[in-house]
Amino acid sequence: MKIGICASDHTPESLVANRFARAPYFAVYNSETLDFAFFNNTAKDEGSGAGGKAVKVLGDLKVDIVLVPELGPKAIDALNAFEIKSYQYKQGKTVREALYEYFEKKLPEMLDASVKGKH
Amino acid sequence: MKIAILSGKGGTGKTTLSVNLFSSLNKVTLIDADVEEPNSHLFLKGNTYHEEDINKQYPVVDHDLCTLCGKCGEFCNFNAIIPAKKKVLVFDDLCHDCGGCKLVCPTNAISYTDKAIGKIFYQSVGDNKQFLYGRLTVGEVSGVRIIEYLKNVTKKEEVLLIDSPPGTSCSTVAAIEGSDYCIIAAEPTPFGLSDMRMVVELLREQKLDFGVVVNKSNLGNDDIYKYLEEEGIELLENIDFREEFAKIIARGELLVDHSEYVRNIMNSIIKKVLGETYA
Ligand code: SF4
Ligand code: SF4
């Protein structure tokens with residue numbers, strides 16, 4: 001299973017990002033190999049539809065689950081279409097800490113958009 | 001002559017100016033391009049003789065034909081179409097109607113369908129005046145298409161007034177584009193001034209001629225006049241605030257029907273902007 005995490009930098013000790021679609025990096029943790037990999041979020045500079053594009057980036061990385069700070073309505077729709085589940089972390093943690101909290105089942109699943117869409 | 005009337009923010013008397021100028025001219029067409037909040041019609045009480053739906057197109061995917069090849073998503077610059085795991089997602093509000101995804105689809109799975117995004121209304125006012133206004137459907141993000149449509153159907157008018165959306169958004173740009181002259185409705189308050197500055201910058205970027213009408217000129221302070229002088233901006237007229245004006249506007253009536261003072265001001269603006277023959 002692969003878990004994506006929105007990251008502000010490209011190490012497991014980096015802080016989690018405070019935005020989803022505009023996060024600088026996506027960390028991808030592979031629970032079979034126990035490895036972290038980091039990817040540039042190529043959606044972050046999109047003028048329009050960054051939410052959907054960011055989900056596409058995660059979909060192409062074959063992520064099954066993503067840990068996020070917030071989600072807009074388009075990102076929710078796109079996550080459903082890519083069959084990716086999302087869980088919400090709190091600010092101020094590192095990527096590694098957010099992942100532990102997910103495994104400890106401390107993070108709530110996100111079923112609805114937490115922020116309104118922006119245009 | 002195309003004259004756009006605009007303002008830094010709402011509530012600076014832009015609509016009042018538009019409808020009173022309209023009423024002071026003999027042969028003229030007005031469009032209310034403030035399609036998110038049209039209100040000129042409340043003052044003009046014209047006779048609607050025609051209505052039209054404004055549509056935009058967006059793609060629909062036939063999932064029996066789609067192979068999820070991903071080409072449409074790669075093509076779209078607006079992330080409006082995203083092939084996912086088992087289906088293709090379409091965000092119709094992001095779609096700019098470019099037709100590209102249909103062209104690149106190898107299996108002909110994409111067709112387009114219409115969606116109404118608003119309406120335009122044609123009204124006659126008196127014998128030889130026309131008034132058109134648009135209304136954007138609630139929830140739609142951009143009125144640009146409706147504004148362009150309004151401008152297109154009136155492009156041959158001899159004298160056209162355009163009541164433009166306030167601010168400096170894409171809608172404002174669409175409304176003022178191609179104008180021969182722009183009139184900024186401003187107020188002498190600190191906030192009014194900073195909003196107006198942005199509009200001035202926009203008009204300079206667009207290389208459009210413009211002048212300013214200061215509303216409520218007897219309230220507020222002198223900063224606006226200093227600014228106009230420093231920047232070399234034409235002050236067309238001042239309109240004082242009077243208690244009775246507020247009441248007339250609140251009743252949905254025209255100031256020129258009640259006030260000699262406002263009639264003279266409107267004529268003076270018309271002379272300066274359109275020339276003697278129209279006044
Ligand atoms: S028509 Fe153009 S903007 Fe709309 S989804 Fe297709 S490619 Fe994107
Ligand atoms: S280009 Fe056509 S076949 Fe390919 S994913 Fe898009 S709709 Fe499906």
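Author: Buried area is the accessible area that two parts lose on being put together, summed over both. The model here is predicted.

Reader: How much area do chain A and chain B bury between them?

Author: Chain A and chain B bury about 1200 Å² between them, and 63% of this lies on carbon and sulfur atoms. The contact involves 14 residues of chain A and 14 residues of chain B.

Reader: How many salt bridges does the rule find across the interface of chain A and chain B?

Author: A salt bridge pairs a side-chain nitrogen of Lys or Arg with a carboxyl oxygen of Asp or Glu within 4 Å. Across this interface the rule finds three. In one salt bridge the side chains of A:Lys74 and B:Asp93 meet, at 3.0 Å from N to O.

Reader: Which elements give two or more residues to the side of chain A that touches chain B?

Author: They are α1 (50–60) and α2 (73–81) of chain A. The residues on that side of chain A divide into six charged, four polar and four nonpolar.

Reader: What does B:Thr12 touch, leaving out residues up to four places away in sequence?

Author: B:Thr12 touches B:Ser7, B:Ala185, B:Ala186, B:Glu187 and B:Asn215. A polar atom of the B:Thr12 side chain lies 3.2 Å from the backbone oxygen of B:Ala185.

Definitions and conventions:
Residues are numbered from 1 along each chain as its sequence is written. Chains are lettered from A and ligands numbered from 1 in the order in which they are written. This is a predicted model: local features need pLDDT of at least 70, side-chain atom pairs count only at pLDDT 80 or more; totals for chains, interfaces and linings use all residues. Side-chain values use heavy atoms; hydrogens and water are left out. Contact means heavy atoms within 4.5 Å. Buried area is the accessible area (1.4 Å probe) that two parts lose on being put together, summed over both. Helices (H or I, at least four residues) and strands (E, at least two) are DSSP runs, numbered from the N terminus. Ala, Val, Leu, Ile, Met, Phe, Trp, Tyr, Cys and Pro count as nonpolar, Asp, Glu, Lys and Arg as charged, and the others, Gly among them, as polar. A polar contact is a pair of N or O atoms within 3.5 Å; within protein, one must be able to donate a hydrogen and the other to accept it, and residues adjacent in sequence count only if both atoms are side-chain atoms.
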